[in-house]
Amino acid sequence: MPVRYVKIFAVTVLGLGCLVLVVTAVVDPYGVSPLGINLPRFNANKYKRVDVDRLIKPVEVLQKQPRTIFIGTSRVHESLDPSRFTGSRFAPAYNASIPNITLAETLGYLKEFSALDDKLKYVFIELFFPQFNMYGQTVSGQDKSPMDLASDLTSLFFSIDALVNARLTVKLNIQGKEMGAYVNETGRYQFPPNHGPNPSLNFHGFPLFMLKAHQPLIKSDRNWTLDEPSFSMLDKIVKFGHERNIEVVFLILPNHPIYDHFYLVNGHWGLIDWQEWKRRLAKYPNVIDFSPYNEIGDEKISEHVKYWFDPIHPSVTVGDMVLSALVPGLESAVPQNFRADLNVDTVDARLRETQEKLAAWITANPEYLTAYRDAVVQLAPASAADNYSHE
Amino acid sequence: MLFNSYTFILFFLPCVLGGFALAARYGGRRLAVPWLIVASLFYYGWWNPRFLLVLVLSMLVNAALGKYLCEAHGSPAQRRAARNIGIAFNLLLLGFFKYTDFLVFNLNSLFGSDIKVDEIVLPIGISFFTFLQIAFLVDAYRRDVVDFSLTNYFLFVSFFPHLIAGPIVHHKEMMPQFAGIRRGCLDPLNIAIGLSIFTVGLFKKTVIADNTARLADPVFLAVAAGTPLNAATAWTGALAYTFQIYFDFSGYSDMAIGLARLFGIVFPLNFYSPYRAVNIIEFWRRWHMTLSRFLRNYLYIPLGGNRLGERRRYANLILVMLLGGLWHGAAWTFVLWGGLHGLFLVINHGWRYLRERFAMPMTAGAVWTRLLALLLTFVCVTFAWVIFRADTVDHALRMLASMCLQGPKNASNLRDLLAPRGTMTIGTLLQEFGVGTWLVGVAAIAFLAPNTSVLFRNYNQALPMLVTLSDRLLVWRPTMAWGVAIGVLFVVAVLHLTHITPFLYFQF
């Protein structure tokens, strides 16, 4: 009796396990199955191919073997379209960005992608100020092993999430539900066609969102000093690229003045830290700065904002400008001071210009300051005065 | 290497079990016991090989002293000295690794000094194997140890199913079993029972506890970040943690019991539906039963127990629970948690004393009074868990204030915490069921479903207790239907392994 019991247990486990694998591979909720089955009203729309970048990006790099890869935060994730490189020496390209990625993780993924992709030649890596001084920066994630890919594949094909998402994928396809945001086949975060910025939420609501998100940090006495391990990761990235004969280019994407203003008034950024950050980056090779102020930052906030999804995330239009500024011959009109190669010779002038233009923007936008004050009062009436001491 | 990992389930366990079967078949106990010791040390060293030295040193010193106490013909004073040296050695080892940072921090705070020590990494499981060996030395001194042999002793301490987080087994229940390992001892019935109990534990951990943690963690993180909470959110977090820690730890214990059973070894019970307790005394007879047993036999009774009058009894209870709290971790929250439970026990014993004194009957009351008592006990335990889980006493007090409707008006609700701008999800399973349904379901399992001991009562230990309908109906047997059911549970549990989280009790 017990022997039969153990056999039945084993058969159940094996049978059910195989069934799960077949279901997830056929339905393919994340669009990574080697079977590649895509049937209308069954699984053609991959509604659940979103927020799974850490899992799908290594698998797709292995499958697609791109020559060029973008690695960055949600800013690159949403704005840089690799298909713009078609026909250039960078093609084929793939957007391997991961929202909230740290520099340690960037190094880890760079190593992993390099191991998975024999054709990898160019890597564009975003450098974002919070990666150098926000809380949550750690050195973990800088090493990846083949077990990580095995773990990713298990999550994508043999997990409860995969199974539930397979069911939802079929259900939503049968219902013919409109696609929301998802990660498209180039790895870029794709908003639905009619998506536009919501001024009241994304821009006027931005101060409250930022204040809420940064509440613990604002309350603490901790200074947002530059994070040395992040620079050490940067050193390792440069070294790794050199050793593997991969050309690494660092990108600093544009910031909206609203975003810069937040750090400025909270005193934690203090232009001193920010200036220090830029000066140190200027010592690294291949750092291209797209953040100088110009018409992109000065764009009036409305329902038809062209250059921004929200104050943190530049739009695909800006992304196209960035890519065309990188590859001569790509068509896209860019402002005159759009691209600046950051180095020790240019950094001071750039810093001065940014500082002056931010001050001018603040003066020219008193209504935004009022919105910011309201947000501060709404969140913490008692400490409202304190928050303005740095203004 | 966690029990709830692919590495353990797919590689380590089959290898050790297969090796054990071969060793037992061709060498009997002579090969099987050393094989299990080597496998257990490998298991321990997987986490950090350096700490193998701590474990091995601890085992060697205790084995030497234990052997002396078991066999020596020394004077009582010499034997007492050997016992005391052993206890001091164990406590110093535990104290160094577990409490140095805490001590230095408090000394610095108290005297304004600036003593600096490098961060000391706690060897995993040290609290458990230290207690285990102290109990052994005390009993060896009392000449109360049977079947002592060095190999059995090493296996008793290092046997991987209990090494990291218990149950705190006793040499009297282990040594004879190890001595009984014989040729061809891999019994199909034990395999069937062990596999099934392990599966139930794995399901409790990966499906119930880990998903419930997705509700508890954001709430406690928000408190730590200074975010004000409304009462409903605070209660959701507190209840979620109350169920999480139960399913996490009892799940771990079931897995340990199941694993041991695969090798034909029966472990003591560690949990027995603690939230069905109708008073705190009963709660501690059902929660982490092997720790309660250790504290009672090796601390409470030597302190005088209840033999020196009521006042002394209450003082002993408080002291034992304070130390029990401190055993869980080097932080004031744990001390406070222990003290609070000590206070609950004192009130409970005081109430009993008064009822006896005024000749009020102690019989079980009507159903509604029992339900009321159960609810009161559960609420007290939940409040105490908030202190246990919080990072600091201040955070705990803020959480408790929110639960008592003292939160500010602009407090955050659960939805804000669980999905801030869509960047954090609560997991597909919780989304499928909904938070409320999930918590009700989990509570129903904790309160109404048969516990593992009751489910396997035909083949395992079970205690007489208040039985529910499901207790009567569900009895595991090695039948085809149960084979399929347990197989399904296993697959569902394994499908959750992609979110591997350590067991809560590993940190203690």
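**View 1. The interface between chain A and chain B.** About 2800 Å² is buried between chain A and chain B in this predicted model, counting the accessible area (1.4 Å probe) that the two parts lose on being put together, summed over both. Carbon and sulfur atoms give 70% of that area. Tyr5(A), Phe9(A) and Ile160(A) supply 26% of what chain A buries against chain B, more than any other three residues. In contact (heavy atoms within 4.5 Å) are 32 residues from chain A and 35 residues from chain B. Look for salt bridges here (a side-chain nitrogen of Lys or Arg within 4 Å of a carboxyl oxygen of Asp or Glu) and the rule finds zero.

**View 2. Lys278(A) with Asp289(A).** These two form a salt bridge, with the closest N and O atoms 3.1 Å apart. Lys278(A) is buried at 3% relative accessible area, and Asp289(A) is buried too, at 1%; buried means under 20%, exposed over 50%, partly exposed in between (1.4 Å probe, protein chains only).

**View 3. Arg280(A) with Glu228(A).** Here the closest N and O atoms of the salt bridge sit 2.8 Å apart. Arg280(A) is partly exposed at 21%, and Glu228(A) is partly exposed at 43%.

**View 4. Asp348(A) with Arg279(A).** Their side chains meet in a salt bridge at 3.0 Å, N to O. Asp348(A) is partly exposed at 37%, as is Arg279(A) at 34%.

**Notes.** Residues are numbered from 1 along each chain as its sequence is written, and chains are lettered from A and ligands numbered from 1 in the order written. Local features need pLDDT of at least 70, side-chain atom pairs count only at pLDDT 80 or more, totals for chains, interfaces and linings use all residues, and side-chain values use heavy atoms, with hydrogens and water left out.
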